[in-house]
Amino acid sequence: MLKKLALASCLLVAAGCTTVPITGRRQLSLVSDAEMNAMAVTEYQKVLASSKVITSGTQAAMVKRVGQRIQQAVETYFRQQNQSSQLEGYAWEFNLIDDKQENAWCMPGGKVAVYTGILPITQDETGLAVVMGHEIAHAVARHSSERASQQQAAQTVGGVVSTAVGQTPTLSQNVFLQAVGLGSQLGLLKYGRSQESEADHLGLIFMAMAGYNPDKAVDFWQRMDAREGTASPPEFLSTHPSNGTRVAAIQRELPEARKYYKP
Ligand SMILES: [Zn+2]
């Protein structure tokens with residue numbers, strides 16, 4: 001139903017759509033990046049204020065280093081595609097939070113959190129690059145905006161109509177919180193399956209461009225697979241395709257990613 005609605009409004013109103021980098025998929029875009037980014041700043045601050053943020057030590061430094069390298073890769077990619085305007089308003093931050101959740105996420109506008117609970121699975125810097133590449137890919141592919149747009153369109157019958165006459169519906173905080181997954185359980189982002197596959201694909205390219213061996217992504221997902229079912233599911237396990245499917249898709253995408261990899 002949502003998909004149908006999204007597609008219908010995409011066909012009706014070209015202005016209500018954007019194109020995802022790398023995959024070229026068209027997506028519904030009814031809410032502005034400025035609105036999403038502004039709300040993300042507020043919500044990110046709330047999360048940091050209520051968490052134990054680790055500001056020193058090798059692990060925190062690694063999170064910042066990997067984040068900055070992937071940020072540079074993303075900026076380079078968008079510049080090469082003449083799409084730098086899509087990153088306007090980004091104010092990147094990379095924070096490590098002391099919490100046993102096996103989780104990480106990136107809010108719109110480049111606000112990244114990594115939880116210490118995931119570090120035993122990432123194991124090393126390259127494993128962390130798999131996770132951060134995947135999360136940053138969700139953000140720059142505007143997956144939260146897309147979900148907010150779908151909810152907005154579903155909630156307001158007039159949504160499509162008002163876009164047609166050039167008015168962007170106002171983004172409600174509720175829609176935003178649901179779209180980034182903060183409405184129900186803190187930090188647990190909810191994406192669709194196709195968005196998960198897309199984040200895997202983009203993340204692979206970004207990590208390769210950042211100088212991390214994309215082949216290691218397979219090892220990471222296999223480690224994820226091995227621990228599945230042992231605790232509450234992190235973002236990576238919530239709605240993803242079965243791990244066999246996921247690893248097979250990543251293996252198909254590796255030849256493309258290797259072209260971007262310079263050790
Ligand atoms: Zn994901």
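Guide: A crossing of two helices is right-handed if the near helix is turned clockwise from the far one by less than a right angle. Keep that in mind for this predicted model.

Visitor: What is the handedness of the crossing of H3 and H5?

Guide: The crossing of H3 and H5 is right-handed.

Visitor: How are two packed helices described?

Guide: By the angle between their axes and the distance between the axes. Here, helix H3 spans residues 58-80 and helix H5 spans residues 125-140. Their axes come within 9 Å and cross at roughly 50°. That angle makes H3 oblique to H5.

Visitor: Which residues meet between H3 and H5?

Guide: On the H3 side, they include Met62, Val63, Ile70, Val74 and Phe78. On the H5 side, look for Leu128, Met132, Ile136 and Val140, among others.

Visitor: Where do nonpolar side chains tend to be in soluble globular proteins?

Guide: They tend to be buried together. In this model, the largest nonpolar core has 48 residues. Ile70, Val74, Val114, Met132, Ile136, Val140 and Phe206 have the most contacts inside that core. Apart from it lies another core, of 15 residues, among them Val31, Val47, Trp105 and Ala113.

Visitor: What does Val114 touch, beyond residues up to four places away in sequence?

Guide: Its partners include Val63, Asn95, Leu119, Leu128 and Met132.

Visitor: Is His143 buried or exposed?

Guide: His143 is buried, because its relative accessible area is 0%, and buried means under 20%. His143 lies in helix H6, residues 143-155. Its side chain makes a polar contact with the side chain of Glu198, at 2.7 Å. Leaving aside neighbours within four places in sequence, His143 is also in contact with Arg25, His138, Tyr191, Gln195 and Ala199.

Note on methods. Residues numbered from 1 in each chain as written. Predicted model: local features only at pLDDT ≥ 70, side-chain atom pairs only at ≥ 80, totals over all residues. Heavy atoms only, no water. Helix = DSSP H or I, 4+ residues; strand = E, 2+ residues; numbered from the N terminus. Buried < 20%, exposed > 50% of the residue type's maximum accessible area, 1.4 Å probe, protein only. Polar contact = N/O pair within 3.5 Å; in protein donor to acceptor, adjacent residues only side chain to side chain. Contact = heavy atoms within 4.5 Å. Core = buried A, V, L, I, M, F, W, Y, C linked by side-chain atoms within 4.5 Å. Axes fitted to C-alpha atoms, helices over the stretch in contact; angles between N-to-C directions. Parallel < 35°, antiparallel > 145°, perpendicular 65-115°, else oblique.
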